[in-house]
Amino acid sequence: MIQKKLDALAQMMDECRAMPFPRGFRGLDVEDQDMVMLDADTAGYVSRVLKGPLPKPSREGLIRLVGVLEKVHPAISDKYAIKYYTQARDVAVLAAEIEVMRDR
């Protein structure tokens with residue numbers, strides 16, 4: 001079961017990386033969050049989940065990241081950026097689900 005989710009996560013991450021970063025979002029803060037850092041943090045956590053279980057502090061960081069992505073999402077008005085960050089949020093959520101499964 002976890003392997004199927006890991007395969008799905010890898011595919012979703014590949015799709016995310018294929019999308020260009022939204023124009024006008026470099027250096028932009030939304031809800032006091034740097035949008036480039038959110039993107040980088042998402043990629044970092046996901047790549048680490050794909051390599052193996054996260055240590056507890058990193059797992060907690062991933063959970064916080066999901067919350068931040070949920071917080072900024074409604075404040076984004078650009079249609080493409082909404083799509084981009086929806087995908088980032090979905091990838092982070094799946095990564096967090098995998099970590100919960102590993103913890104059982």
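**Entry 1: Ala-95**

Is Ala-95 buried or exposed? I looked this up and found Ala-95 buried, at a relative accessible area of 0%. I take buried as under 20% relative accessible area, exposed as over 50% and partly exposed as in between, with a 1.4 Å probe and protein chains only.

I note that this is a predicted model, in which local features need pLDDT of at least 70 and side-chain atom pairs count only at pLDDT 80 or more, while totals for chains, interfaces and linings use all residues. Residues are numbered from 1 along each chain as its sequence is written, and side-chain values use heavy atoms, with hydrogens and water left out.

I placed Ala-95 in helix α4. Helices (H or I, at least four residues) and strands (E, at least two) are DSSP runs, numbered from the N terminus. Leaving aside neighbours within four places in sequence, I found Ala-95 in contact with Leu-9, Val-46, Val-49 and Leu-62; contact means heavy atoms within 4.5 Å. I also took the C-alpha to C-alpha distance from Ala-95 to Arg-23, which is 26 Å across 72 residues of sequence.

**Entry 2: the largest nonpolar core**

I next looked up the largest nonpolar core, which has 32 residues. Such a core is a set of buried Ala, Val, Leu, Ile, Met, Phe, Trp, Tyr and Cys residues joined through side-chain atoms within 4.5 Å. The members that touch the most other members are Leu-9, Phe-25, Met-35, Leu-38, Val-49, Leu-62 and Tyr-85. I found that α1 (2-18), α2 (35-51), α3 (56-72) and α4 (79-103) each supply at least two residues of this core. The most comes from α4, which gives ten residues. In soluble globular proteins, nonpolar side chains tend to be buried together.

Not counting residues up to four places away in sequence, Met-35 touches Phe-21, Phe-25, Leu-28, Val-30, Val-72, Ile-76 and Tyr-85.

Axes are lines fitted to C-alpha atoms, for helices over the stretch in contact, and angles run from 0 to 180 degrees between N-to-C directions. Angles under 35 degrees count as roughly parallel, over 145 as roughly antiparallel, 65 to 115 as roughly perpendicular and the rest as oblique. A crossing is left-handed if the near helix is turned anticlockwise from the far one by less than a right angle, and right-handed if clockwise. For residue classes, Ala, Val, Leu, Ile, Met, Phe, Trp, Tyr, Cys and Pro count as nonpolar, Asp, Glu, Lys and Arg as charged, and the others, Gly among them, as polar.

- With α1: the axes come within 10 Å and cross at roughly 150 degrees, which makes α1 roughly antiparallel to α2. The crossing of α1 and α2 is left-handed. From α1, Leu-6, Leu-9, Ala-10, Met-13 and Arg-17 meet Asp-39, Ala-43, Val-46, Val-49 and Leu-50 of α2. I class the residues of this contact as eight nonpolar, no polar and two charged.
- With α3: the angle is about 140 degrees and the axes are 10 Å apart, so α2 and α3 are oblique to each other. The crossing of α2 and α3 is left-handed. Their contact has nine nonpolar, three polar and two charged residues.
- With α4: the axes come within 10 Å and cross at roughly 35 degrees. The crossing of α2 and α4 is left-handed. Their contact has twelve nonpolar, one polar and three charged residues.

I located Lys-5 in helix α1, where Lys-5 counts as partly exposed at 23% relative accessibility. Not counting residues up to four places away in sequence, Lys-5 touches Leu-94, Glu-97, Ile-98 and Met-101.

I located His-73 in the loop between α3 and α4. His-73 is buried, with a relative accessible area of 17%. With residues up to four places away in sequence not counted, His-73 touches Ile-82, Tyr-85, Thr-86 and Arg-89.

**Entry 3: backbone at Glu-31 and Asp-32**

Most residues other than glycine have a negative phi, and most peptide bonds are trans. I recorded a positive phi at Glu-31, near 55 degrees, and another at Asp-32, near 65 degrees. Glu-31 is in the loop between β1 (29-30) and β2 (33-34), and Asp-32 is also in the loop between β1 and β2. Glu-31 counts as partly exposed at 39% relative accessibility, whereas Asp-32 counts as exposed at 72%.
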